[in-house]
Amino acid sequence: MRPFLTDMEVNMAINTKRQVSVIRILALAMLVSCPAMSDELVEPKVFSSHAGTLSLLIIAKPSQIPTISFPAQSGGAVNPTGWVYEICPRPPAGTTCAPGRVVVADYGGARLALQPGDRLEIRFVNRLPKLDPIKVAHAEDEGGANLPLNPSNLHTHGLIVPARAPTATDPTFGDYVFVNVFNPANGLPASQGGHDHGQNAMDFVDYRIDIPRNHPSGLYWFHPHVHGLSLNQVSSGLAGIITIGEVENYTSLIAYSGAASRPQARHLILKDLQLLAAGTVQFEKGPASVANAEILHQQDPDFCQQFPVSGEIRQGSCPGADKSGDGGKNFTGGRWYFTINGQQFPTIPVNAQGELWRLTNASGSLSYRLQLSDDSTKTPMLMQLVAVDGVSINLPQDTPIGSVVHLAGAKFTIVACPKSSTFIRSLPVCVSELVMMPSARGGLGDLSRLGWPGSAGAPEGFGDAQNAGPDDGQRRRLAGCRSREGSLRPRPPPSVGAPSLLSLAGDALKVAEVGGILSAPAPEAQPAPLPAGCRPLPPGHRRRIFFGLEDLTDDSTFGLGYEEVDERGAPIPNTQTAVMRFDPMRPSICLPLGPGQTPVHETWELVQLSTENHNFHIHQTKLRPIEAGARPFSLIAARPASGVGYGILEDNLPLGVASPDRSISDQVMNNQSGVCSIEQWRNGHCRSKTVMLDIPFSKLGDFVYHCHILEHEDGGMMAKIRVVPSPF
Ligand SMILES: [Cu+2]
């Protein structure tokens, strides 16, 4: 089978100003002999639950990043100060870590290791510094006046848990984003006249998140979710990962007999930092002075030159560029770092028994196209796709390849798997490249144990293929790889016989089975009368979400529009909302669970109006791309056959781009910031492939859906949704 181009790559060929801002990625280079010089990748530190509970104190605070050395202009190097989560076992009282206890405060991020049925308790404390208002992009937005005080909070991305607000009898929060925790040292927040993005809390709040017993095992993450500051805080380092269960929960390691030969599981957290050289920088609201190695919170996609200049070596960083000549800014002397677990250009050992990599893109706005490459043949190597966005995949053996591609949501370049010598439960999926937009997770198993199919040598680099020119496939590296034996090359020659594929018993099946989290009643829901205006989506109807700008002449007014449509796609009167920026006061979509508090499946249709990519994300659930004309009961139909599960589940989905036709393209590109209006889409002048999703709602609460490019989310591309109990 021939490798195919993803929609994403096709879209990426369309080069508009805004588009570039999303996909301007890395051009990282390496010398082939370099990995020997770099440090070995270190696993994130782990806090594991005991006896069903993980109870932590998490303090958001500034901290030096010893793994990054910023070259000072005066010579020597300085370590930047990022924002990190200081994590320790929760003391009986107070807001500081007790002396003598384990304390982790790594920029790279820690891992919280939980099991289904566990309780996660977090006292979250804000010790972040006050911000210079001139450096905060959204302080003048409606409700944004408190943002320079740097409030924060926590969201557990991807978990299927209730978005529980506190009550009079239970002051703890569930995975609830409408709370802002302020550091008292920064002053008191002022009321925003009804536009507050949730309630304000001083000093700390307590979270209690009960992981359902039927929760899928897999990879999730946590990060701040304060509207207007998400980018600032995530891009300064605030993110960690959560795992539920063990890798063994979904891989039956038939191919790896014996404990000594199980694959090495690794957790790779991708973050990036833009560091400035001392001087004066032009911010949106004017110039301000910056210190050496100061982090640019409002990240700029044009920080570096897109491609390295001749002879320039890029190993996990690129030099700041002077773009002042063409309307950009001057970042000369600065540097953009791309780290894995906080390390710049580490070496990843590759075990002969095989590797299982669990990747998280914890960048604020940066997308990656990742490959594992073999420098001898200059070709990407095959990896087996194990999990998408935390949930392990489970595809019936007869799944058509087109359905696999559709379900994978343009995130992977799928290639034929080698023939397996062992029994494989579900259809194996092999990939040569994965597209990771912000918040995406991927689980990949390597095929190294019996050699690398399609390759003569060993993996030598792990990095980004974005903007690859014909001859610089080797020049964009996040990490080097070497075999555990210590040599960069060569690996042992491929053994005799066919490669071993991991046999998966993916949770994408388990969640749909009797008792599964997306089929069983929600235990926390009790029958209650419906609130006014709340009703189920009528059968056959779907919700249509528009991604565009509130004001087409202002490219910072990111917003979402809404309408309910019938089975023929005709809008239902009085359900329509124009594209508008997030306002927590606006009435939200409201829907009840099904009879008996069972999960409700809705069909959502995403309409892209922008000529740049967006990445749709919804809290408290998962999603599955479906197709309108799909064969009934197939994996890409609204309702798949029972007993086969959902195939692949995701919680963030890249949208393609809109293409205005010739009659309006000048107008759209020159006068509408590269974004179509809903009217232009309706009258056919702005073409856009709509994305249809099956979204199961199984948990109660007030939560949000939004673009996970945080520049867009902070700008307003977010809306509220409420799920309430069924009345019967
Ligand atoms: Cu977006």
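Predicted model: local features only at pLDDT ≥ 70, side-chain atom pairs only at ≥ 80, totals over all residues.

Colleague: Remind me, what is a disulfide?

Modeller: A disulfide is a covalent bond between the sulfur atoms of two cysteines.

Colleague: And what is the pairing when the bonded cysteines are numbered in sequence order?

Modeller: Numbered in that way along the protein, the bonded cysteines pair as 1-2, 3-4, 5-6, 7-8, 9-10.

Colleague: Let's take one, then. How far apart are the sulfur atoms of cysteine 304 and cysteine 318?

Modeller: The sulfur atoms of cysteine 304 and cysteine 318 are 2.1 Å apart, and the two residues form a disulfide. The angle about the S-S bond is 90°, and this link is right-handed. Cysteine 304 lies in the loop between strand 18 and strand 19, while cysteine 318 lies in strand 19 itself, so to speak 14 residues apart, and the pair links distant parts of the chain.

Colleague: Are those two cysteines buried or exposed?

Modeller: Cysteine 304 and cysteine 318 are both buried.

Colleague: Now the next one: which cysteine is joined to cysteine 534?

Modeller: Cysteine 534 is joined to cysteine 590 by a disulfide, with 2.0 Å from S to S. The link of cysteine 534 and cysteine 590 is left-handed, with -85° about the S-S bond. Because cysteine 534 lies in the loop between helix 5 and strand 34, and cysteine 590 lies in strand 37, the pair ties together parts that are 56 residues apart in sequence.

Colleague: Why does cysteine 534 count as buried?

Modeller: Cysteine 534 has a relative accessible area of 6%, and buried means under 20%. Cysteine 590, with a relative accessible area of 13%, is buried as well.

Colleague: What about cysteine 676 and cysteine 686, what joins them?

Modeller: A disulfide joins cysteine 676 to cysteine 686, again described by its S to S distance, which is 2.0 Å. The link of cysteine 676 and cysteine 686 has 80° about the S-S bond and is right-handed. Here cysteine 676 sits in the loop between helix 6 and helix 7, and cysteine 686 sits in strand 43, ten residues apart. Cysteine 676 counts as buried at 1% relative accessibility, and cysteine 686 is buried with a relative accessible area of 2%.

Colleague: Changing topic, is strand 15 mostly covered or mostly uncovered?

Modeller: Strand 15, which runs over residues 264–276, is mostly covered, since eleven of its 13 residues are buried.

Colleague: Which strand pairs with strand 15 in the parallel sense?

Modeller: Strand 23, made of residues 355–361, pairs with strand 15 in the parallel sense over seven bridges. Within that pairing, the bridge partner of isoleucine 269 is threonine 360 in strand 23.

Colleague: And which strands pair with strand 15 in the antiparallel sense?

Modeller: Strand 20, residues 335–340, pairs with strand 15 in the antiparallel sense over six bridges, and leucine 275 stands opposite arginine 335 of strand 20. Strand 18, residues 294–295, also pairs with strand 15 in the antiparallel sense, over two bridges, and there leucine 276 stands opposite glutamate 294.

Colleague: Now the rings. How many aromatic pairs does a search of the whole structure find?

Modeller: The search finds 13 aromatic pairs. One of them joins tryptophan 336 and phenylalanine 338, whose rings are tilted, with 5.0 Å centre to centre and 40° between the planes. Tryptophan 336 and phenylalanine 338 are both buried.

Colleague: How are tryptophan 604 and phenylalanine 616 arranged?

Modeller: Tryptophan 604 and phenylalanine 616 also form a tilted pair, at 6.2 Å centre to centre and 50° between the planes. Tryptophan 604 lies in strand 38 and phenylalanine 616 in strand 39, so this pair ties together parts that are twelve residues apart in sequence. Tryptophan 604 is buried, as is phenylalanine 616.

Colleague: Which residues do ring pairs link into a cluster?

Modeller: Ring pairs link Phe547, Trp604, Phe616, Phe697 and Tyr705 into a cluster.

Technical notes:
Residues numbered from 1 in each chain as written. Heavy atoms only, no water. Buried < 20%, exposed > 50% of the residue type's maximum accessible area, 1.4 Å probe, protein only. Helix = DSSP H or I, 4+ residues; strand = E, 2+ residues; numbered from the N terminus. Pairing = 2+ DSSP bridges. Phe/Tyr/Trp six-rings, centres within 6.5 Å; stacked < 30°, edge-to-face > 60°. Disulfide = S-S within 2.5 Å.
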